[in-house]
Amino acid sequence: MVTLHVTRELARALKLPAQLAVDATASGCALGPWSLGLVHCRPAKLVVAVSASTRWAMALHAAPLATLQQRFSPALLQNLLALGVPPDRARAEVDAHAPVQWALGHNRGVLTHLNQCAGDVLWAANDGLSLPSVNHRLAERIIIKPQTGLPASDVLRLLGGDPDNLDRGKRAQGQAWRETYALMQAQAGQEVVTMPVLRLLGSERLEARHQAEILMSRLPVDERRSLASGRAPRWIPGELVLDLTGIEAVSPTFAAVLHAEASALGLRRLILRNALEDVAAQMLQIK
């Protein structure tokens with residue numbers, strides 16, 4: 001059995017009684033107890049949950065609230081598997097969570113992390129990220145104080161996964177970014193510039209507004225010019241070729257913002273290369 005501590009707002013939304021009988025012997029699992037809070041994001045509200053023992057967080061859909069207690073364990077299993085926890089250990093941890101009981105009140109330190117994660121979830125969801133991408137963002141969250149490091153690494157350490165895998169992934173992303181920056185910079189001054197989108201963004205799903213803005217900010221810098229502020233402006237080519245190798249999905253949010261950014265910069269033409277049929281259709285749908 002595990003205890004789910006809820007904020008007052010979430011307790012009211014769940015219509016929980018003012019007093020709850022709680023089994024003090026619960027939370028014998030590795031990740032429990034949990035603290036849960038409601039996040040008023042768009043297009044649908046989410047619930048963010050923080051593990052008391054690791055400070056690892058995950059999000060799940062709030063609606064329907066009547067089934068939140070039943071949906072918690074399946075959501076936990078899905079996120080543990082996505083994190084890289086071995087299936088047998090993930091299943092054992094989820095089984096140890098059952099049954100689930102509600103409780104009021106939080107440990108102050110856990111509540112602090114809950115509020116911080118809720119802020120991250122609010123921004124990410126409102127920016128256009130899907131629930132899996134929101135949870136991926138939470139898994140990459142670094143806590144500096146009072147706990148240093150990645151909570152997700154502690155989860156993997158506890159449940160038999162590879163705790164160093166996340167660090168290796170971050171180092172690989174950093175190296176790929178440096179190599180791609182050099183590739184982009186070598187194209188400064190050319191009339192046609194090619195962007196390897198997956199290498200620049202590190203995401204197979206193109207969803208959020210900031211992804212489109214970041215992509216345009218990675219146009220090569222023209223070292224021969226500088227603005228009054230001292231910042232070097234981007235080289236704006238006549239044509240920008242987007243190499244979409246490895247991109248599996250693109251949302252209307254990303255496509256619309258990308259076209260708006262390209263127009264604002266003065267790009268005459270966007271060309272798609274190596275795009276899946278569905279991805280190309282979505283990108284060309286926005287004008």
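Biologist: What volume does the largest cavity have?

Modeller: The largest cavity comes to about 40 Å³. A cavity here is a set of points, on a 1 Å grid over the protein atoms alone, where a 1.4 Å probe fits but cannot get out. Points are joined across faces, edges and corners, and the volume is the space filled by probe spheres set on them.

Biologist: What kind of model is this, and how are its residues numbered?

Modeller: It's a predicted model: local features need pLDDT of at least 70, side-chain atom pairs count only at pLDDT 80 or more, and totals for chains, interfaces and linings use all residues. Residues are numbered from 1 along each chain as its sequence is written, and side-chain values use heavy atoms, with hydrogens and water left out.

Biologist: OK, back to the hole. How many cavities of 30 Å³ or more are there?

Modeller: One cavity passes that limit.

Biologist: Which residues line the largest cavity?

Modeller: Trp177, Thr180, Tyr181, Met184, Leu200 and Arg218; a lining residue has an atom within 4 Å of a point. Helix 7 (residues 165-185) gives the largest share of that lining, four residues. Helices (H or I, at least four residues) and strands (E, at least two) are DSSP runs numbered from the N terminus.

Biologist: How many of the lining residues are nonpolar, polar or charged?

Modeller: Four are nonpolar, one is polar and one is charged.

Biologist: Zooming out, how many helices and strands does the chain have?

Modeller: Eleven helices and ten strands. The C-alpha atoms fill a box of roughly 70 × 40 × 35 Å along the principal axes.

Biologist: And what share of the residues count as buried?

Modeller: 44% of the 287 residues. Buried means under 20% relative accessible area, exposed is over 50%, and partly exposed sits in between (1.4 Å probe, protein chains only).

Biologist: Which residues have the most contacts inside the largest nonpolar core?

Modeller: Trp34, Leu36, Trp56, Leu76 and Leu80, in a core of 37 residues. Helix 2 (residues 68-83) supplies the largest share of this core, seven residues. There's also a second, separate core of 25 residues, with Leu200, Leu206, Met216 and Leu258 among them. A core is a set of buried Ala, Val, Leu, Ile, Met, Phe, Trp, Tyr and Cys residues joined through side-chain atoms within 4.5 Å.

Biologist: How many aromatic pairs turn up?

Modeller: Two in the whole structure. Trp34 and Trp56 are edge-to-face, 6.1 Å centre to centre with 65 degrees between the planes. Trp34 is in strand 2 and Trp56 in the loop between strand 3 and strand 4, 22 residues apart. Both of these Trp residues are buried.

Biologist: Why is the pair of Trp34 and Phe72 called edge-to-face?

Modeller: Because the ring centres are 5.3 Å apart and the planes are at 80 degrees. Rings of Phe, Tyr and Trp (its six-membered ring) pair if their centres lie within 6.5 Å; planes under 30 degrees apart are stacked, over 60 edge-to-face, and the rest tilted. Phe72 is in helix 2, 38 residues away from Trp34. Ring pairs link Trp34, Trp56 and Phe72 into a cluster.

Biologist: What about positive phi in residues other than glycine?

Modeller: Arg55 has a phi of about 70 degrees, and Asn274 has one near 60 degrees.

Biologist: Are those buried or partly exposed?

Modeller: Arg55 counts as buried at 16% relative accessibility, whereas Asn274 is partly exposed at 49%.

Methods: 1 Å grid on protein atoms, 1.4 Å probe; cavity = no way out; pocket = protein on both sides within 12 Å on 5 of 7 lines; lining within 4 Å. Nonpolar A, V, L, I, M, F, W, Y, C, P; charged D, E, K, R; others polar.
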